[in-house]
Each structure stands twice: as C-alpha cells, then as structure tokens.
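Have the structure open and follow along.

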Amino acid sequence: MGKREIRKREQREKKRVAAERVDVLFTLAERVFPYEPELSDRYVEIALAVQRKAKIRIPRKWRRRYCRRCHSFLVPGVNARVRLRSRPYPHVVVKCLKCGHIMRLPYLREKKERRNLWRPRRARSESGPSEGSS
C-alpha cells in the first residue's frame, strides 16, 4: 500500500469525522434552542467552521435550519417565518426574524426529482424491444 492510498484513506476518515461532528452540533443546537438560543447559534457557527475546514457539504436537512447571514439556528414560528408562495415559481420563503434575511427555496425541483426516480425503469422497458427489431 503506497503513500497515496494511505493519504486518501486518511482524508476520507477526516471527512467522515467532520460530517459526524457537524451532525452532532446541529442536533445539539436543536435540543438546546428552547433553553439557550445564543448557545444554539454558537453551535451552528462551530459546525460551519468544521464544515469549511473539512470542505464537506452540510446535509440538506440542516442546510435549511440556519440563517446564512447571521448564522442563527432557525426554528419556524419562533425566530423564523415560513411561507409558501406559488408565483413566479413555487417556492418556500424563510425569513430570519433576527436579521431579516430572506431565503427562497424552490420546491418544484424536488417534485421533479421524485418523478424522475421512476422514469428510468419505464424508459428501459420501452427501449428494449425497439432495439432488438432494428
């Protein structure tokens, strides 16, 4: 086993540990928020620092739970306002009540992704007989 393989394995391990830490920090922020909102904001800042250092992506379930401007942990109805809008395109509007930052998250794309999960099977079954006849 060469140095390159060892280094790749170490990098994968670092990224895995960093992803676990980000998940733990966001979970702690969620648990602590009702008692100490400032501490939950600090957990979010630490998680973002870990994420930047390890160059990993934050999971989608946590990506939408913090404000990208002030890095506060968002809880709908407490420090965030969540609305559904259909025009000009279907989207969710999340407004941070701490700094006023507005995030628009499209949801039509997610519906299309769910629909496309079933499409490849149909495409394969339809294209099979036509390829054999030519």
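Is Phe-26 buried or exposed? Phe-26 is buried, because its relative accessible area is 1%, under the 20% cut-off. Keep in mind that this is a predicted model.

## Rings that hold distant parts together

Three aromatic pairs turn up in the count. In one of them, Phe-26 and Tyr-66 sit with their ring centres 6.0 Å apart and their planes at 45 degrees, a tilted arrangement. Phe-26 belongs to helix H1, while Tyr-66 is in the loop between helix H3 (60-63) and strand S1 (80-85), so this pair ties together parts that are 40 residues apart in sequence. Tyr-66 is buried too, at 9% relative accessibility.

Side chains of opposite charge can pair when their charged atoms come close. This structure has six salt bridges. Glu-13 and Arg-16 make one of them, at 2.4 Å from N to O, and they are three residues apart in helix H1, about one helical turn. Arg-16 also bridges to Glu-20, with the closest N and O atoms 2.4 Å apart; those two are four residues apart in H1, again about one turn. Put together, Glu-13, Arg-16 and Glu-20 form a linked network of salt bridges.

What about exposure in that network? Glu-13 is partly exposed at 39%, Arg-16 is partly exposed at 40%, and Glu-20 is partly exposed at 42%.

Asp-23 and Lys-61 form another salt bridge, at 4.0 Å from N to O. This one links distant parts of the chain, with Asp-23 in helix H1 and Lys-61 in helix H3, 38 residues apart. Asp-23 is partly exposed at 28% relative accessibility, whereas Lys-61 is exposed at 55%.

## A positive patch

Lys-3, Arg-4, Arg-7, Lys-8, Arg-9 and Arg-12 make up a positive surface patch. Take Arg-7, which is part of helix H1 (residues 3-32): Arg-7 is exposed, with a relative accessible area of 56%.

Definitions and conventions. Residues are numbered from 1 along each chain as its sequence is written. This is a predicted model: local features need pLDDT of at least 70, side-chain atom pairs count only at pLDDT 80 or more; totals for chains, interfaces and linings use all residues. Side-chain values use heavy atoms; hydrogens and water are left out. Patches are made of residues with over 30% relative accessible area and no salt bridge: like charges are joined within 9 Å, nonpolar side chains (Val, Leu, Ile, Met, Phe, Trp, Tyr) within 5 Å. Accessible areas come from the Shrake-Rupley method with a 1.4 Å probe; for residues, only the protein chains shown count as cover. A salt bridge is a side-chain nitrogen of Lys or Arg within 4 Å of a carboxyl oxygen of Asp or Glu. Lys and Arg count as positive and Asp and Glu as negative; His and the chain ends are not counted. The place of a charge is taken as NZ of Lys, CZ of Arg, CG of Asp or CD of Glu. Buried means under 20% relative accessible area, exposed over 50%, partly exposed in between (1.4 Å probe, protein chains only). Rings of Phe, Tyr and Trp (its six-membered ring) pair if their centres lie within 6.5 Å; planes under 30 degrees apart count as stacked, over 60 as edge-to-face and the rest as tilted.
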